[in-house]
Amino acid sequence: MLLEAETREDLMDRIDLLLDDPGFRWFEISLISLAARELDDDGLDRMADAPVGDVIVDLLGPGTGPAACETERLIHAYAEALRRLAPEFSRLTPQDMDLALNAGFDDFATPAPILRAVLGGRRANASFIAVLSAPLMTSQVAPWVRLALVEGLRDGLRDYMRLIASTPGAGVPEDVVPLEERLDLEALEREYQRNRARLDASIAETARTGLPSRPFDSPST
Amino acid sequence: MTPGSLVLVVAGGGKTRIAVVLEVHPSVAVVAWVTGTHRPSHPHVEVDQNSQAGKALRLDKPRYFYPDHIETRALSDLQRRDGRASPQLRMHIAGLIGSAPATQCGTCRRST
């Protein structure tokens with residue numbers, strides 16, 4: 001589906017449509033479960049310790065060079081962060097993962113920077129799966145599609161890594177995610193609580209009266 | 001009905017508006033409805049009719065989301081319609097109620 005896109009915008013639209021597909025969510029959970037198992041097998045150690053090379057270029061061709069190199073650098077930093085956070089990550093159940101993939105989008109109180117990071121991670125997952133499958137259809141995949149997939153993977157990872165880098169103990173280097181790009185998780189938690197309180201008050205009012213209520217009709221205090 | 005579903009609501013003035021479902025509770029949903037009125041000085045998300053979001057909402061001209069058009073509604077007030085709002089559009093609507101910087105992309109715009 002992604003590899004048959006007709007324009008770059010069409011490709012990005014197809015990726016976003018895929019994210020709402022329950023089948024794709026199941027696939028993502030399987031992928032994350034596999035990664036969690038790999039943690040027990042030192043798989044992430046191997047991934048993080050491997051030299052940044054030409055894996056993506058080998059998969060998709062030399063036209064993806066600069067974007068592929070930066071993408072691989074982000075993947076290495078991500079693997080290293082997961083290795084540091086491994087005790088937390090390896091305890092996740094498939095149910096936890098399902099919640100994590102969608103929680104922000106089921107809860108409107110979640111601040112937009114968190115949603116952007118989660119969306120970036122999910123777009124990266126979709127792009128990564130397409131990158132892995134592209135060599136199977138090399139003759140049919142246009143060069144621009146290959147490049148757009150790598151750039152989609154890179155951009156999604158960049159957004160997601162802003163959240164990972166902001167997590168205490170992740171140890172993401174500043175040359176991967178500069179300090180000024182990191183999220184203030186404590187401030188976002190306060191913002192979430194303010195939003196949640198307003199929403200809950202309006203929900204209770206509408207449940208009681210049956211009438212519409214506007215939780216954000218006046219500026220937040 | 002789930003977050004991202006599209007519904008019709010009767011808004012102020014008795015006009016029927018397209019709305020995006022943002023949360024669903026036992027008897028109440030949180031929705032954001034669109035209007036054709038552009039208030040450039042207010043925080044808003046613009047959805048172009050030719051964008052993916054505009055096509056999903058089946059718009060015939062640009063429409064706008066505003067923070068004061070986010071409402072809690074009784075489920076019995078909502079009429080289901082086909083289609084879904086993308087996670088990107090829902091993220092941009094979420095940006096209306098917080099401190100997130102303005103965002104711009106190919107499918108919808110947020111302005112402050």
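The questions and answers below go through a predicted model and the definitions behind its descriptions.

Residues are numbered from 1 along each chain as its sequence is written, while chains are lettered from A and ligands numbered from 1 in the order in which they are written. Local features need pLDDT of at least 70 and side-chain atom pairs count only at pLDDT 80 or more, whereas totals for chains, interfaces and linings use all residues.

Q: Which residues does Thr16(B) touch, not counting residues up to four places away in sequence?
A: Two residues are in contact if their C-beta atoms, placed from the backbone, lie within 7 Å. On that basis Thr16(B) touches Leu8(B) and Val10(B).

Q: What makes helix H2 (residues 87-94) of chain B mostly covered?
A: Eight of the eight residues of H2(B) are buried, among them Pro87(B), Arg90(B) and His92(B).

Q: How do you know that the length of helix H10 (residues 185-209) of chain A agrees with its number of residues?
A: The expected span of a helix is 1.5 Å times one less than its number of residues. The 25 residues of H10(A) should therefore span 36 Å, and the end C-alpha atoms are 36 Å apart, which agrees. After H10(A) comes Gly210(A), with a positive phi near 80°.

Q: What covers the buried residues of H10(A)?
A: The cover includes helix H8 (112-133) of chain A, and from chain B strand S3 (28-33) and strand S6 (70-74). Leu188(A), Glu191(A) and Arg198(A) are among the buried residues of H10(A).

Q: How many residues does each chain bring to the contact?
A: Chain A brings 31 residues and chain B 29 residues. H10(A) gives the most to the side of chain A that touches chain B, with seven residues.

Q: Why are H1(A) and H8(A) called roughly perpendicular?
A: Axes are lines fitted to C-alpha atoms, for helices over the stretch in contact, and angles run from 0 to 180 degrees between N-to-C directions. Angles under 35 degrees count as roughly parallel, over 145 as roughly antiparallel, 65 to 115 as roughly perpendicular and the rest as oblique. H1(A) and H8(A) pack at about 110°, with axes 10 Å apart. That makes H1(A) roughly perpendicular to H8(A). Ile15(A), Leu18(A) and Leu19(A) of H1(A) meet residues of H8(A) including Arg122(A) and Ala126(A).

Q: What is in the largest nonpolar core?
A: A nonpolar core is a set of buried Ala, Val, Leu, Ile, Met, Phe, Trp, Tyr and Cys residues joined through C-beta atoms within 7 Å. The largest has 81 residues, and Tyr78(A), Met161(A), Val20(B) and Val31(B) have the most contacts inside it.

Technical notes. Helix = DSSP H or I, 4+ residues; strand = E, 2+ residues; numbered from the N terminus. Buried ≥ 20, exposed ≤ 12 C-beta atoms within 10 Å, placed from the backbone.
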